[in-house]
Structure formats: C-alpha cells, structure tokens
Amino acid sequence: MKGPLLEVKDLKVHYPIEEGFLSKSGNVVKAIDGVNFSIYENETYGLVGESGCGKSTTGKAILRLIEPVVGEVIFEGKDINQISRKEMRKVYKDMQLIFQDPYASLNPRMTVGQLIEEPLIVNSNLNSGERKVRVSELLEIVGLNAYHAPRYPHEFSGGQRQRIGIARALALNPKIIIADEAVSALDVSIQSQVLNLLRKLQREFGLTYLFISHDLSVVKHISDRIGVMYLGRIVEQGTKHGLYDKPLHPYTQALFSASPTIKAESRKERIVLKGDMPSPTNPPTGCAFHPRCFAAMSKCKTVQPKLQNMGDGHYVACHLYDE
C-alpha cells in the first residue's frame, strides 16, 4: 500500500495570552495540542467534534495560514513546516481550501470570472484567452454556466456561491482540498447537492479531501475514515462504519447518541454530558474529557491516554481500553 499523501504528526497550535487579567507569564490557549492523523490518496478523511475543539485551526495549521508551534505536516514525503514561504506558494497549487462562508470568502468587488481567474494569473502560464476558456470549463464542472462569469457574488444564492468557491479551489488542479465546514451555512437540500458534487469531483479528478464538520450525518455521508476531536486532540479514529457501528470513546458515544435519526430501530438512548467543554487556556490534567465523562476513573484525572490500536484501523485514546 502506498504511503499517505498527507501526514500530520504531533501538531500543536498555542496562542499566548497577552492582555487582560489572564495574562500571566507563559499562559497560552492550547487550540490544538498534539494532533496525529494521515490521509491517503483519493480518500476523504472527516474531522468532527464540538465547536471550539480545534477542527478549523487544524485545517489552517496544515496550510500554514496559522503557524504551529511544533509538529510536522508531511505532504508527499516533505515536511512543509520546514520550507520557506516562497516554496510554500508552490505547495498551495496542490493544497487548496474551501471556506465555511461562501460569501465572506469571495471579494464582492470582483466578478465570478475574475475570482476564478485570479489563481490562474498568479500561478499559471496561461494567456488571457486560455484563462477565459479555463474559467468557463470550471463553471461548467461545478454545475454553473459560462454566462455567469460577468456577474458578482451577491447575485448568487448561498449554494451557487459555494460552487464558485469550489471552482476557485479546482482552478490549479490540486491534489488535496481542505473543506472547512463547507456546507454548514447551507440549507439541508442544498447541502446534499454540494456533497454529491464534491463526491463526483473526487471520482473524476482523483481528489483527496480533509472534510471538517460538526455535523455527524454529513461526515458519515462523505467520509471514508473519521477522526473525533475533543479539546485539541483526536480521541478516536476509524473507518466510518467501524466508528458509527461501534463507537468506543465515551465522548464519541455521547456525540452519536445526540445525532437525530428517522429510523426507530436506529435510535439510541441519549447520553447527556454534564457541564461544558473546558477552556483551552486551562485544560484538565490527565484525560481532558474526564470532568464530563460518565465512565471516568481515578487514573483519568492524572494520566493522559494515548491513541491505541483496537484492530481494523480503529484507534481510541481512553483508559477503559488499557491492557
């Protein structure tokens, strides 16, 4: 089996607290605190968890839109955290981002044609005529038409604007696309259209996705493997069927129990977690989930669990499964 296209090793992003009464020396916000996962070619890896768990920060740190304090991001065998900004521009041709808000990510002063053409101007040797042809092709690929090119973003619906964002991400023929809550701002019916478009593009162009979302049903629909994040760490990881059929971590079990279903036989008893997610400025010792965990033991308060292989590519970081 070929090695992973993208490998993330012990990635950490800490923000120093510089203002206010919390500004003690060395105080930091641990946005992500040791994330590890890999993504293989033509695979969709879903990253799921509550708001504030560090999902979006992970995506931005991979692209170095946020600089990590430590960790490796190995893309095609090269640690891109060790290369210069000039070299990083070449990497961006192969790694693109689809943003959560399709309107905020598009310059309202530029036409759709100009928005899609911009990466081609900066990163390709195509002449003006060739770029116009490419823009028309990209609009057709994402389900729009060439005559949409002279229009502005405000003239489109939310779903159409997200299609424009996808066309822009496809402009340079990337190998991997990071989709950061790419459908969360859309109506449910439009979500399914965009998800089906992403799957179609993956088949046609051999794309690889890191799909970030808080919506369990969306992640299940599109992902091959899934990582569950809690307070800056991955607490469980596995294939979508392995994870959904038999979640092991108490946090994953609670998440899945809260996921709505229309099938009576699929309904599970709701697990209600006590309290809110702790602050990343002062995370709990040991397992970060232990203050809310219904199965916590004394060991959980002092010893941080490590991801351990439970077989069939299913990993969990929980002391319940210690040997």
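Helices are taken here as DSSP runs of at least four residues, numbered from the N terminus, and in this predicted model Ala 254 lies in one of them, helix H9, which comprises residues 250–257. With a relative accessible area of 4%, Ala 254 is buried, because the limit for that class is under 20%. When neighbours within four places in sequence are left aside, Ala 254 is in contact with Ile 271 and Leu 273. Phe 205, by contrast, stands 49 residues from Ala 254 along the chain, and the C-alpha atoms of the two are separated by 37 Å.

The buried residues of H6 are Gln 191, Val 194, Leu 195, Leu 197, Leu 198, Leu 201 and Gln 202. Because these residues cover an arc of only 155 degrees around the axis, they fall on the same side of H6. They pack against strands E3, E6 and E8 as well as helices H4, H5 and H7. Gly 206, which follows H6, has a positive phi, near 65 degrees.

The second largest pocket holds about 400 Å³ of space and is lined by 19 residues, of which Gln 96, Leu 97, Phe 99, Arg 168 and Ala 169 lie nearest its centre. Two or more residues of this lining are given by each of E6, helix H3 (112–123) and H5. By residue class, the lining of the second largest pocket divides into twelve nonpolar, five polar and two charged residues.

Note on methods: Residues are numbered from 1 along each chain as its sequence is written. This is a predicted model: local features need pLDDT of at least 70, side-chain atom pairs count only at pLDDT 80 or more; totals for chains, interfaces and linings use all residues. Side-chain values use heavy atoms; hydrogens and water are left out. Buried means under 20% relative accessible area, exposed over 50%, partly exposed in between (1.4 Å probe, protein chains only). Contact means heavy atoms within 4.5 Å. The arc is that of the directions from the helix axis to the C-beta atoms. On a 1 Å grid over the protein atoms alone, a cavity is a set of points where a 1.4 Å probe fits but cannot get out, and a pocket is an open set with protein on both sides within 12 Å along at least five of seven lines; lining residues have an atom within 4 Å of a point. Grid points are joined across faces, edges and corners, and a volume is the space filled by probe spheres set on the points. Ala, Val, Leu, Ile, Met, Phe, Trp, Tyr, Cys and Pro count as nonpolar, Asp, Glu, Lys and Arg as charged, and the others, Gly among them, as polar.
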